[in-house]
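Please look over the chain below before reading the points. They go from the whole protein to single residues.

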Amino acid sequence: MSSTVISDIATLVTNDPSLGDSSPLGLIRDAAVVIEGDRVVWTGESSKAPATDNRVDAGGRAVLPGFVDSHSHLVFAGDRTEEFNARMSGRAYSAGGIRTTVAATRTAGDAELEANLTRLLGEALRQGTTTFETKSGYGLTVEDEARALRLAARHTDEVTYLGAHVVAPEYAEDPAGYVALVTGEMLDACAPYARWIDVFCEKGAFDGDQARAILTAGKAKGLHPRVHANQLSYGPGVRLAVELDAASADHCTHLTDADVDALANSHTVATLLPGAEFSTRAAWPDARRLLDAGATVALSTDCNPGSSFTSSVPFCVALAVRDMGMTPDEAVWSATAGGAAALRRTDIGRLTPGAYADLTLLDAPSHVHLAYRPGVPLVAGVWRRGVREV
């Protein structure tokens, strides 16, 4: 295997305090990182870097781990421009808009769905995302949910079965029948393609008892839970996520003190999705409250055609710093190591020996510029599994 050193890095984010300063980001100044094959094999001061086959000069710019987007909905057809326009003109957001995308997705062919998926993945990669999770949830039939997961599994290992996004329109008068389908025939068809199972636990979608039944059935099939929790209102989603040892409770916008305490005393990550609040003009999640309580926080895009049509983790970092009480350091950690924690991974989201060589080079001397210069395309290079792709 050939080796490559990226040297003359002004600021290297390792996310390992033992490798750099004592902060959670483990910062190393005037740094270098060595890649061999698809892994990081060394980090440290540039002057101490070992000899390698190849050298890349970072030119005094910052390097950080590739972003880990642990919550997205990328297998869909159509868009909801008219809904967004109406919402920005005063109409409130509700869970029901999902059905518009369901109708478009059902009529789309596999080639159309995969082309849209790969377009969005390329868009995200150019903005520094090297690992992503994505879900089904816009088919809501056995065949359409299974094909969404089959297509997604061609592009990522982090695939989530979300048959329980909303009740399918055919079952509007029989939600119990739809829960039976989601936990029965649909689960059987989808489980081979997925690692995770998710449910939208919310008014207008699934209540706590329905969500528990769905997640428990998924666990019995070997799928680990994630939960869309407490996005639009207070509810049982967060505490259900903790009860079932879900990897993440996602959104976490409306939280009681008991919810915050439950997250802080669990292994369930609070995944915050500021693109959704931006696009719906909803109240921002209180990241500061969660962090001060000791909860682990991740930041992700929630990229979807209805409530958060952005693939940009840097944009979400800037929103989190500006409107959710996070420091730039906390937001960058949450978008890298936090996302990895939400996927229960230790081989991504950090630049430490043995981790995958997923790196983002910024056209800036510090990671702080992600929040300091919002909307500016700062990503100058991206390596995924040791290969430069941007």
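1. Some ground rules apply. This is a predicted model, in which local features need pLDDT of at least 70 and side-chain atom pairs count only at pLDDT 80 or more, while totals for chains, interfaces and linings use all residues. Residues are numbered from 1 along each chain as its sequence is written, and side-chain values use heavy atoms, with hydrogens and water left out.

2. On overall form, the C-alpha trace spans about 70 × 45 × 45 Å along its principal axes. The radius of gyration is 21 Å, which agrees with the value near 21 Å for a compact globule of 390 residues. That radius is taken over C-alpha atoms, and the globule rule is 2.2 Å times the number of residues to the power 0.38.

3. The protein has 14 helices and 17 strands. These are DSSP runs numbered from the N terminus: helices are H or I with at least four residues, strands are E with at least two. Of contacts between residues at least 6 apart in sequence, 70% join residues at least 24 apart; contact means heavy atoms within 4.5 Å.

4. Of the 390 residues, 58% count as buried. Buried means under 20% relative accessible area, exposed means over 50%, and partly exposed lies in between (1.4 Å probe, protein chains only).

5. The charged side chains number 34 positive and 49 negative, and the centres of the two sets lie 2 Å apart. Lys and Arg count as positive, Asp and Glu as negative, with His and the chain ends not counted. Each charge is placed at NZ of Lys, CZ of Arg, CG of Asp or CD of Glu.

6. Thr4 counts as buried because its relative accessibility is 16%. Its side chain makes a polar contact with the side chain of Asn54 at 3.5 Å. A polar contact is a pair of N or O atoms within 3.5 Å; within protein, one must be able to donate a hydrogen and the other to accept it, and residues adjacent in sequence count only if both atoms are side-chain atoms. Leaving aside neighbours within four places in sequence, Thr4 touches residues including Val33, Ile35 and Val56.

7. Is Asp8 buried, partly exposed or exposed? At 30% relative accessibility, Asp8 is partly exposed. Beyond its neighbours within four places in sequence, its contacts include Asp30, Ser46 and Arg61. Asp8 and Arg61 are 53 residues apart along the chain, and their C-alpha atoms are separated by 7.6 Å.

8. Check the backbone at two residues. His251, in strand S12 (residues 248–251), has a positive phi of about 100 degrees although it is not a glycine. His251 is buried, with 1% relative accessible area. Asp302 also has a positive phi without being glycine, near 55 degrees. Asp302 sits in the loop between strand S14 (297–299) and helix H12 (313–323), and is buried at 2% relative accessibility.

9. Asp157 is in the loop between helix H4 (142–152) and strand S8 (159–164). With a relative accessible area of 61%, Asp157 is exposed. Asp157 and Gly97 are 60 residues apart in sequence and 28 Å apart in space, C-alpha to C-alpha.
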